[in-house]
Amino acid sequence: MLLHVLAHTRNAAPAGLALAAALMASTSIQAQEVLKFHHDLPEDSAQHMAAERFEELVEERTDGAIDVQIFANNALGDDVEVAQQMQFGAVQAAPIPTAKLSNFAPSLQLIDLPFLFPSPEVTYEFLDSDVGMDVLADLDESGFVGAMFWESGFKQLTCNHEVTAPTDLDGRKARVMESPLLIAQFEELGATAIPIAFSETYSALQQGVVECQENPIVSILKMKFYEVQDYMMLSNHGYLGTAMIFSKVWFDAQDEETQAILLEAAREAGAYQREKSAELQGAYLQEIADAGTTTIVELTPEQIAGFSEAMKPVHAQFADKIGPELLERTYTKLDELSAQ
């Protein structure tokens, strides 16, 4: 009998240890926080590379306590749908175009004003300045925490006909993001602006619903818009910035150390994205040229000045919505940075 009891005890010990280990593993798994990270470009874009850098930094600095899961190419829905999900914490982080966030914070329309920024270098300095950070902070009241401005880059115009003067767009139909400012921008040129979801733009161009669209070179390449557009004008007429934001309800539930890690990782990944964007830009443009489906037109300084003059009324039209004081601070800051 004693031998039977001892044998039972010896057999029970490993089972008890296994149960304890299982419970500890279960507790560890439950303690891990999942961070869903949305973005709207394919996995071979600089934006995705930056998302991966963010994932690496966060998981390393939190010792795996946060599991970053990246959802590329609008896998969780389009940008506006995801922003709405972020307001109640269903998605935790995303870089979303400023134009698409203008309904949440009208001041963000500042970033989308035509011909506002003279160069990438000045753009980055401005966006990282106190003025840029004040604009980003305006998202707080709508349920977001802004970390930094990421980017897609300067926008180019593509059409099924060559465009070298504002009058060339008169009566044409152009796809835009859902943004009153971008609609007004094309209306100033005599075009009809039609808001269409990013994911539906290719088919809209292919089927002739619209004849033109604007996007940075990375989007024109990765979304294959060049396949269904005859001309691409290198106009740099606007800047497509993205606000790298966190869900406020989720972010506020994290401890201060984790919050600091998240913000710093977002900023480091954003700086990395800017580097990769600059590095890849020439290759992207060459790939479009090599495809042979699109004629690339480099506008002259005089032609660009003509477009800038034609679009200038948009600044005054949206001054009250953006905020006259913010607009003046912006012009002053940009003059100061450009003079350096």
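Helices (H or I, at least four residues) and strands (E, at least two) are DSSP runs, numbered from the N terminus. This is a predicted model, in which local features need pLDDT of at least 70, side-chain atom pairs count only at pLDDT 80 or more, and totals for chains, interfaces and linings use all residues. Residues are numbered from 1 along each chain as its sequence is written, and side-chain values use heavy atoms, with hydrogens and water left out.

Now the neighbours of S8. Two strands pair if DSSP finds at least two bridges between them. Strand S3 (residues 93-97) runs antiparallel to S8, with 5 bridges. S4 is also antiparallel to S8, and 13 bridges join them; Gly146, for instance, has Ile245 as its partner in S8. With strand S9 (residues 295-298), S8 is parallel, over 4 bridges. There, Met232 faces Ile296 of S9.

Is S8 mostly covered or mostly uncovered? Of its 17 residues, 15 are buried, meaning under 20% relative accessible area with a 1.4 Å probe, protein chains only. Leu240, in strand S8 (residues 231-247), has a relative accessible area of 5%, so Leu240 is buried. Leaving out residues up to four places away in sequence, its contacts (heavy atoms within 4.5 Å) include Pro97, Glu151 and Met177.

Last, the disulfide, a pair of cysteine sulfur atoms within 2.5 Å. The structure holds 1, joining Cys159 to Cys212 at an S to S distance of 2.1 Å. Cys159 is in strand S4 (residues 144-159) and Cys212 in strand S7 (residues 212-216), so the bond ties parts 53 residues apart in sequence. Both cysteines, Cys159 and Cys212, are buried.

How values were computed. Buried < 20%, exposed > 50% of the residue type's maximum accessible area, 1.4 Å probe, protein only.
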